[in-house]
Amino acid sequence: MTQTKEILSQKVLELAIDDAVSIVTRNLAKWKEKIPISADAGVYSPVDISSLKFMGAGLNWAAGCGPGIYWLCYAYTGDPKFKEAALKIVERFKGLEYIRSQCQGILYMPLCVPAYRLCNSQTAKQILLTGADVLYSMYEPEHRYFRAWGDIKNFAVDSIINIALMHWATNVTGNRMYYDAAIEHIRTEIDEMILPDGSTYNLVDTDNSGKIIGISSNHINNPRGCWSRGQAWAMYGFAMHYKFTSNEEYLSCFKKLSSFFYDNLTDNMIPCHDLKLKNTLAAVDTSAAAIAVCATLEMASLLPDDSKIAAFKQKADAVMLSLIKNYSVAYDNYIDALILGGTNNRKSGWYDEALIFGDYFYLEALVRYLTDGYESCWQ
């Protein structure tokens, strides 16, 4: 008897998003205005927003993803309770202390960009502009990169998605200094972080003169490995910056990064936390998988007739099917997470767990598949 190969059908996607929205609905009723940050066995311990004293520190950099999920539910269902919940949290974000970190984009854009775009929230606009100024203060104009944290002289592969906030700030204010800094940083990432085989470094370290003195990683054990979530962030970053600029070099970079990503998946189509460990028993990272799917769907929407992008889209479909079948959570009365199997930081032993940003991008991917004309938070 011939076994039928399962495909990523409309029905599979709809059942998955129905489970996800049901879980989010239950979580909203349970958490009220609290923020999910970290989980244990798929159950989040939400915190009061007032306790987030240092925005961007630890996993606080993902604080906008939990309430950002409400906007994704609103985009799919149109149910105003999700919009109202997100707007309440926007108001509570106002006045919180900022920390100088590259994470201003992922911290604020999932929550605040839809609030401003859909509801003209002036609070959201001000939060985003303040975050943009914080991020711009970390730009090293002489050396053409954004520092990853505070005054430490290094830059990170995931900066490229965070600096989408620079494009947003230029569009809103008309001030090109944000845009120009982003373009210069991208040039540096292309020159110094992307390897000939299409893999990327996690961190590049420099001295005070801007001279590169080494590479390092705060996520994987081997600094010359390839942190899969960083690779996925870079894919998404180049997709968005191509959308902003139509720069063909960014398209070329996206294809190079995507080839390495999709060619180095495990047998079940999910990446190891280090893509260069694909044939080992090392921890996988479902958050990297979800981010890569979103990146690929974005580029496929921009270039529907590009055969290479279409091939990546087929692989992204297989990744998404694996996420749904092997890692997603069916609605019950206990688990808060939407997907399991995430690796936040293998070096510190934080793996095989739910990650709120993994939930966010998993749900974003579902919404992208099922909602025509979806506009991401990065624009």
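**Note on the salt bridges of this model**

1. Arg 144, Glu 184, Arg 187, Asp 191 and Glu 249 are joined in a network of salt bridges. The structure is a predicted model, and the remarks below should be read accordingly. In general, side chains of opposite charge can pair when their charged atoms come close.

2. How many salt bridges does the count come to? The total is 22.

3. The side chains of Arg 26 and Asp 332 form a salt bridge, with 3.9 Å from N to O. Arg 26 belongs to helix H1 (residues 10–31), whereas Asp 332 sits in the loop between helix H12 (307–327) and helix H13 (356–370); the pair therefore ties together parts that are 306 residues apart in sequence. Arg 26 has a relative accessibility of 15% and counts as buried, because buried means under 20%. Asp 332, at 29%, counts as partly exposed.

4. A salt bridge also links Arg 147 and Glu 140, whose closest N and O atoms are 2.7 Å apart. Are these two residues buried or exposed? Both Arg 147 and Glu 140 are buried.

5. Arg 176 and Asp 180 meet through their side chains in a salt bridge of 2.9 Å, N to O. Both residues lie within helix H8 (residues 176–192), four residues apart, which is about one turn of the helix. Arg 176 is partly exposed, at 49% relative accessible area; Asp 180 is likewise partly exposed, at 33% relative accessibility.

Technical notes: Residues are numbered from 1 along each chain as its sequence is written. This is a predicted model: local features need pLDDT of at least 70, side-chain atom pairs count only at pLDDT 80 or more; totals for chains, interfaces and linings use all residues. Side-chain values use heavy atoms; hydrogens and water are left out. A salt bridge is a side-chain nitrogen of Lys or Arg within 4 Å of a carboxyl oxygen of Asp or Glu. Helices (H or I, at least four residues) and strands (E, at least two) are DSSP runs, numbered from the N terminus. Buried means under 20% relative accessible area, exposed over 50%, partly exposed in between (1.4 Å probe, protein chains only).
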